Amino acid sequence: MDTDKNHSTESQYNIIEECVRDLNLDKSTTELLQNPKRELKVSIPVRMDNGCVKVFTGYRVQHNNAMGPMKGGIRYHPEETVEIVRSLAAWMTWKCAVMNLPLGGAKGGIICDPKKLSRGELERLTRAYMGRIWKFIGPETDVPAPDVGTDASIMGWMMDEYARLSGEYKPGIITGKPIRIGGSLGRTEATGRGGILTIREAAREIELETKGATVVVQGFGNVGMYSALLARNMLNCRVIAVSDSRGGAYNPDGLNLEEIIEHKAKTGSVKGAPNTQEVGSAEVLEIEADIIIAAALEDAITAQNAGRVKTRILAELANGPTTAEADRILEDRGIIVLPDILANAGGVTVSYFEMVQNRTLDYWTEDQVNHKLEEKMVEAHHEIFKTSRARGISMRKAAYIVAISRVVEAMKLRGWLDL
């Protein structure tokens, strides 16, 4: 994130306004949808390794809980702002509603660079943050998860600190935990798997044969890596290009993904991998392919490069990779865009499964998790596709129509609004 008010945030606001008009929602309903239920800003003093105390700033924004306890990740990022966290909290509300999960949306963040913190500093910061917010979260209230700059071990520290402060062991306080302390099998690859399932369904609808279909992946982190592997292993696609923040690797005959993964582990980047041509991180989006997976940063596809994107399906596995202007260009060109609140919802769906397992103490096999995820992703995709065709609108707008309609119905049934 490079600015407080980025294009992807503005795009979300714009499409919500369009949907509000299309659904003929009144002013009070609109205000409830647009304004978070609660925003926390906390100061977090941390003893650093050099003995000095440094004060960090943290946030937790709880957007809407009409459909159930709020859910959303915690980000550690040097350019975090409350505006970003607020926008992402709303995104989580729509994502959970699209998937028809009994959850609302929230998000958290700390302004810090985790790469510059020692392991001890990172743990002290994490525990101190939990000390500031623990009274406002809980399995029935708001359940955090990992996000940018955080991981399973950080979630483990948070769960342990909550138990210490509350005097109760509640593994369901947080998701994305290590498996040994209540995490769910299948969670690590869930976002990538969910994205591949939506691509599979979209390909069937446009009669695109996935066997041998070419795939480009921008962003070869956890999500991008698993989406590339699963595109090959589940759909028999040919992955021809991948990229990360330092550059890209391209081979029109298909990449050896195991070599790419090994090369990145050694060098920190896919750039320069054996038997590949170098390509720029942004330019990878302009390689012609049947399927392009945007799994890097927000605002990757703009009005400046949307005309050069050559694909049949664009799947948004990152949050907000396409600006509103680019979205219109892609739609006019007949490119199917699988919107982020659907395409990357596999992660929150398996996080929900983790909550269920924590509550029942009945832990599922990886096959069970993957089967349940497939059911949810296919159901959500078909509901959005049906709405898109019935209304003659894009998949993105259809996803927001479905999500907003469900949240508004829940608010009415709870008495927050007139029926």
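**Close-up views of a predicted model**

**View 1. Ring pairs join Tyr 352, Phe 353 and Trp 364 in one cluster.** The model shown here and in the views below is predicted. Three aromatic pairs are counted in the structure. In the pair formed by Tyr 352 and Phe 353, the ring centres are 6.0 Å apart and the planes meet at 50°, so this pair is classed as tilted. The angle falls between the limits of 30 degrees for stacked and 60 for edge-to-face. Tyr 352 is partly exposed, at 22% relative accessibility, whereas Phe 353 is buried, at 4%.

**View 2. Lys 372 sits over the face of Trp 364.** The distance from Lys 372 to the ring centre of Trp 364 is 4.7 Å. Trp 364 is also a member of the ring cluster with Tyr 352 and Phe 353.

**View 3. Leu 361 has a positive phi in the loop between α11 and α12.** The phi value of Leu 361, a residue other than glycine, is near 60°. The loop that holds Leu 361 runs between α11 (346–360) and α12 (366–391). Leu 361 is exposed, with 64% relative accessible area.

**View 4. Asp 299 and Thr 302 both belong to the loop between β10 and β11.** Phi of Asp 299 is positive, near 60°, and the residue is not a glycine. Asp 299 has a relative accessible area of 17% and is therefore buried, since buried means under 20%. Thr 302 is likewise buried, at 17% relative accessibility. With residues up to four places away in sequence left out, Thr 302 makes contact with Thr 323 and Ala 326.

**View 5. The second largest pocket has a volume of about 310 Å³.** Its lining consists of 21 residues, and those closest to the pocket centre are Ile 15, Glu 18, Ala 324, Asp 327 and Arg 396. Three helices, α1 (7–22), α9 (324–332) and α13 (395–413), each contribute at least two lining residues. The largest share is that of α1, with six residues. Sorted by class, the lining of this pocket comprises eight charged, eight polar and five nonpolar residues.

Notes. Residues are numbered from 1 along each chain as its sequence is written. This is a predicted model: local features need pLDDT of at least 70, side-chain atom pairs count only at pLDDT 80 or more; totals for chains, interfaces and linings use all residues. Side-chain values use heavy atoms; hydrogens and water are left out. Rings of Phe, Tyr and Trp (its six-membered ring) pair if their centres lie within 6.5 Å; planes under 30 degrees apart count as stacked, over 60 as edge-to-face and the rest as tilted. Buried means under 20% relative accessible area, exposed over 50%, partly exposed in between (1.4 Å probe, protein chains only). A charge sits over a ring if NZ of Lys or CZ of Arg is within 6 Å of the ring centre and within 35 degrees of the ring normal. Helices (H or I, at least four residues) and strands (E, at least two) are DSSP runs, numbered from the N terminus. Contact means heavy atoms within 4.5 Å. On a 1 Å grid over the protein atoms alone, a cavity is a set of points where a 1.4 Å probe fits but cannot get out, and a pocket is an open set with protein on both sides within 12 Å along at least five of seven lines; lining residues have an atom within 4 Å of a point. Grid points are joined across faces, edges and corners, and a volume is the space filled by probe spheres set on the points. Ala, Val, Leu, Ile, Met, Phe, Trp, Tyr, Cys and Pro count as nonpolar, Asp, Glu, Lys and Arg as charged, and the others, Gly among them, as polar.
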